[in-house]
Number of protein chains: 2
Amino acid sequence: MRPRAAIVVTGSELVRGERTDRNGPFLAGRLLLLGVDPARISIVGDDPGELGAALGIALDADLCVVSGGLGPTHDDRTVELVARVAGRALVLDNALREEIGSVSRRIAERLRRPYSDFELGVRKQATLPEGALSLGIVGTAPGFVLETERAPVVVLPGPPAELQQLWPRALDTEPLRRVLERARKPARRVLRFYGASESAIAKALADAGGERDGVVATICARDFEIHVDLLVDPGAAARGDEVERGLAEPLAEYLFTRDEQRVEEIVLEACRGRGWSLATAESCTGGLVAARLTSVPGSSAVFLGSVVAYSNSVKHSELGVSPALVETHGAVSAEAAAAMAAGARKRLGADVAVAVTGIAGPEGGTAEKPVGLVFLHAETPEGGHGIEFTLPGDRETIRSRATVAALHLVRRLLARNSHKDV
Amino acid sequence: MRPRAAIVVTGSELVRGERTDRNGPFLAGRLLLLGVDPARISIVGDDPGELGAALGIALDADLCVVSGGLGPTHDDRTVELVARVAGRALVLDNALREEIGSVSRRIAERLRRPYSDFELGVRKQATLPEGALSLGIVGTAPGFVLETERAPVVVLPGPPAELQQLWPRALDTEPLRRVLERARKPARRVLRFYGASESAIAKALADAGGERDGVVATICARDFEIHVDLLVDPGAAARGDEVERGLAEPLAEYLFTRDEQRVEEIVLEACRGRGWSLATAESCTGGLVAARLTSVPGSSAVFLGSVVAYSNSVKHSELGVSPALVETHGAVSAEAAAAMAAGARKRLGADVAVAVTGIAGPEGGTAEKPVGLVFLHAETPEGGHGIEFTLPGDRETIRSRATVAALHLVRRLLARNSHKDV
C-alpha cells in the first residue's frame, strides 16, 4: 500500500470560490509521481475551528501537507493551529526574525511605511512550533516540516510560486525521506490522443483489463484532446505494457504524442524540421491560435505572425480575400478559409499557414450556418487540407475547440507531408 | 450566524491534481451570495473510505452539497455512500430508469454499441436513496436532494455544466428553502482597481475598520487588477458604505469599475460610444489582446482585427514599421510601439489602435533590454499615449500582464479623451 497524504489548503478567497486553488493540484500531482497517494484535498478558510478540525483528521494520514495562513496578520493561524494539534509549544527563532526583518525593512521602505508597522508581523512569522525544521524563506514566511506523534506535517506558504519553490526542500528533510522510503516511485507513461471520444478511450482501457495490478490510469479530456497518464508501480512493467498497448493500438490514428509536448510545440518543431515558417489567419478565434503558438519559447524561429481578420474589410485588405468570394460563399465557408490561408502565406511570406473562420456565437447563427460552424484550412508548400466542424458549446468553448482543431489540422498535415502517408 | 455549508467534491482526476476543480468554487460563490457560509471544500477520489468519512463530517454542517461520482460504473459510489451515511435504503425509481434508458439508447446507437452494455449502468443511475427528491437529468445522472436527520444533502453530477444547470433546481426544493430562510442574503458591492498594490488595498481596508459588523471583503489580485467584493449583510448598509468609501476615495485613480464588467468590455463600449473602430498590433503578446477583445459577444461591431507581427519582416510588411526605425531604436522600443499602432490604424482602417512590443523571455533579454521590458502605445483620433514597463515573472506572466496593461492603457486613453481630463 502506498503511503497516503492529506492535503490541507487554507485561504478565505479559496473557500469562498473567489479564486481557484492551484496548490492542491500541484501537491497531489507531485505526490503521485513520488509514489504517495493523495487521499484528500481539504480547502478551508480563516475559521480556526475548521482549520483545526481539518488538521486533526489530516494527521491520521501518513503525511500531511498544509498551505497558506502563514502571513503576518491575526487571520493567519496555521502555525498556531499546527502547534496545537501536534501538542507543541511555539518558539521564537531569533535568526529567522532577523532574516524576515531585513526583508520586511526593504518592503517598508518601498511602500514608504514605518518599520514599526511590520514588527509584530515579523515576530509572528519567526515563531514556529518547537522542533520545526525551517525550509527557509522565499517571500516573508518560512516553510517548515514538523515531525509529530502521528503524521509528519509539511507547512508551506500560500502563494503558489513560493510553495512550488519550497516543496523540493521539504522532500530533502529526514521526516519526508522516511515517508518516501515506504513509497514506490511509479514509472510514468504518457499517451495523448486527439479526436477520439472519451468513451472510446474508456472502452479501450476496460478491454485492456482496466486499472489493476499496479497500474493507475488518469484520463483527462479537454477540447478534443484526451490525456492519459499511466502510473506503473515498480515490478508492474509488463502489466503497464499491456495497458499501454491496449490503448495505443486500437487508437493509433488518434495518438499524437507519447510525451508531454503540447500540440503547438509539435507543430513548431515540425516546421523547424522542414525549414518552414508559419503564420495564422484567424477570424472567430481572434488570435488564440497565434497566442498558443507564441506561448512556446523560441517560437520566433518559425512563427512570423498572424492576421486576425475580424471584419470582412480586413479579410480583404490584409489577406486578399475577394469581396466576390465573400458575396458568393460567405465569410464563414471552406472557400473563405482557403483564401485566408493563401493570403496569410502570401502577405506574411510564410511557408505554412492555418486559417480559421466560424461562428462563435451566441448570435450570428442561421439555419444554414448555425452557431458553432467552423471552417479550417491549412496549407503548406506541398499541399493543403480543409475541414469543417459544427462545434457544441458556448462562445468560449467553440473558440477554444476551434483553436485546438486548427493546431491539430496543421500538425497532421505536416506529419502527412513528411511521411508521405495519408 | 449564517448557515454553514460543507462542500464535498469527488473525482479521482481532481484529487490526483490532473484537473482543477471548478465545482467547489462555483458552489461556494453561489452559497455566499445566498447568505450561506461555505465552511469547507473537501476533494476526494474514488476511495469509499475517504468519501464516506468526508460525508460523515459534512453532515454536521447546516447544508451539505456533493458533486460527482454519479456515473454508471462501479467506481461511482456517491449514491450508495450518501444513503449509507444518511441511514437510508436504496430504491429503484422506474420512471427515472425509463428516462435515463432512452437517453442511453440514443448514446448506444451513436457509439454503435449494444444497449445491453449500458443496462446495468442505467439501473444503477436510476437507484436513489429512499426519500430523495430528484432534480431531473441533464446528462444521464439525476441530481437529487435528500433530507436527513442532520443536514440536508444536495447531490449533483460532476461535469460542471450539468451541475450548474441543476443547482437552481435544488434551491427550489423544500429542504433548501428551509435552510435559506435562516440565511440573510447579503448585498454585493463590487470595486475593481487597476494599478494599485494589493498592500495599498489591504491598508485602505484596514484603515476603514476592516471586515466586521456585517461586512465581508474578498480581495482577489491578478495581473495588476484587484477585484474587491463587499458582501454587506441586511441592516449593515451604513457600515458597507463606510468600507466602500474607505476603499474608493483614497484609491479613486485606480478604481476602474463598480461592476463586473471586464476591461475589454469597457474598452469596446467606450469605442462604440464614440463610433470608433478598434484594432491591435501585437508582438510579444502574440494575439492575446485581440483574443480578449473578441471573447466579448458583439465585439465585431467595433473590433476590426489585429496584426500579430512576431517577426520584424511582418512589422514592416503589414504595419509599415520602417527597417531604419528598427535599426535605430530596436523592435522593442517606444518608437516601435508607436509605429505599430500607427500602422494598425492605417492598414486596418481603425480609429483606435493599441500596440504591444516586448521581451517575454526566457531568452532574448540583454543588459539594456531585459526580459520583461514591454512598450505599449495606444492611439485615437484625438491623440495617443505610450508607456513602458519592466514586468517580473515568467513568459506566461509577462504576456498576460502586458495584455492587461494594454487593455487598461486604451481604456484610460478613451476615458481621458471623453472627459477632457488628464
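**Entry 1: α13 and α15 in chain B**

I looked up which residues join these two helices. From α13(B), Lys315(B), Ser317(B), Glu318(B) and Leu319(B) make the contact. On the α15(B) side they meet Ala339(B), Met340(B), Gly343(B), Ala344(B) and Arg347(B). I sorted these residues by class: four are nonpolar, two polar and three charged. I keep in mind that this is a predicted model.

Next I took the geometry. Helix α13 of chain B covers residues 312–319, and helix α15 of chain B covers residues 334–348. Their axes come within 9 Å and cross at roughly 40°. That angle makes α13(B) oblique to α15(B).

**Entry 2: α2 and α7 in chain B**

I turned to another helix pair. Helix α2 of chain B spans residues 23–33, and helix α7 of chain B spans residues 160–171. How far apart are their axes, and at what angle do they pack? I read 10 Å and about 20°. An angle under 35 degrees counts as roughly parallel, and α2(B) and α7(B) are therefore roughly parallel to each other. I noted the crossing of α2(B) and α7(B) as right-handed.

Then I listed the residues. α2(B) brings Asn23(B), Phe26(B), Leu27(B), Arg30(B) and Leu31(B). α7(B) brings Pro160(B), Leu163(B), Gln164(B) and Trp167(B). The contact of α2(B) with α7(B) has six nonpolar residues, two polar and one charged.

**Entry 3: a four-stranded sheet in chain B**

I followed the strand order and found β10-β11-β9-β12 in chain B. This sheet is open, and its pairing is antiparallel. Which strands stand at the edges? They are β10 (215–222) and β12 (255–257) of chain B. Each has a single partner strand, so one side of each is left without a neighbour in the sheet. From one strand to the next, the twist averages 30°.

I checked one pair in detail. β10(B) and strand β11 of chain B, residues 225–232, are joined in the antiparallel sense over eight bridges. Thr218(B) has Asp229(B) of β11(B) opposite.

**Entry 4: a sheet with strands from both chains**

I traced an open sheet of 10 strands, with mixed pairing. Its order is β17(A)-β16(A)-β15(A)-β13(A)-β14(A)-β14(B)-β13(B)-β15(B)-β16(B)-β17(B). I found β17 (383–390) of chain A and β17 (383–390) of chain B at the edges, each pairing on one side only. The twist here averages 10° from one strand to the next.

I picked out strand β13 (residues 278–282) and strand β15 (residues 352–358) of chain B, which pair in the parallel sense over five bridges. Leu278(B) has Val352(B) in β15(B) as its bridge partner. On the chain A side, helix α15 (residues 334–348) packs on the sheet. It touches β13, β14, β15 and β16 of chain A. The direction of α15(A) makes about 145° with that of β15(A).

**Entry 5: Ser295(A)**

I located Ser295(A) in the loop between α12 (288–294) and β14 of chain A. What does Ser295(A) contact, beyond neighbours within four places in sequence? I found Arg262(A), Glu264(A), Arg395(B) and Arg399(B).

I compared the chains last. Chain A is superposed on chain B by a rotation of 180° with 0.0 Å of shift along the axis, at an RMSD of 0.1 Å. The two copies are thus related as by a two-fold rotation axis. The same surface serves both: 99% of the contact residues of chain A recur in chain B.

Methods
Residues numbered from 1 in each chain as written. Chains lettered and ligands numbered in written order. Predicted model: local features only at pLDDT ≥ 70, side-chain atom pairs only at ≥ 80, totals over all residues. Heavy atoms only, no water. Least-squares fit on C-alpha atoms with pLDDT ≥ 70 in both. Contact = heavy atoms within 4.5 Å. Axes fitted to C-alpha atoms, helices over the stretch in contact; angles between N-to-C directions. Parallel < 35°, antiparallel > 145°, perpendicular 65-115°, else oblique. Left-handed = near helix turned anticlockwise from the far one by under 90°. Nonpolar A, V, L, I, M, F, W, Y, C, P; charged D, E, K, R; others polar. Pairing = 2+ DSSP bridges.
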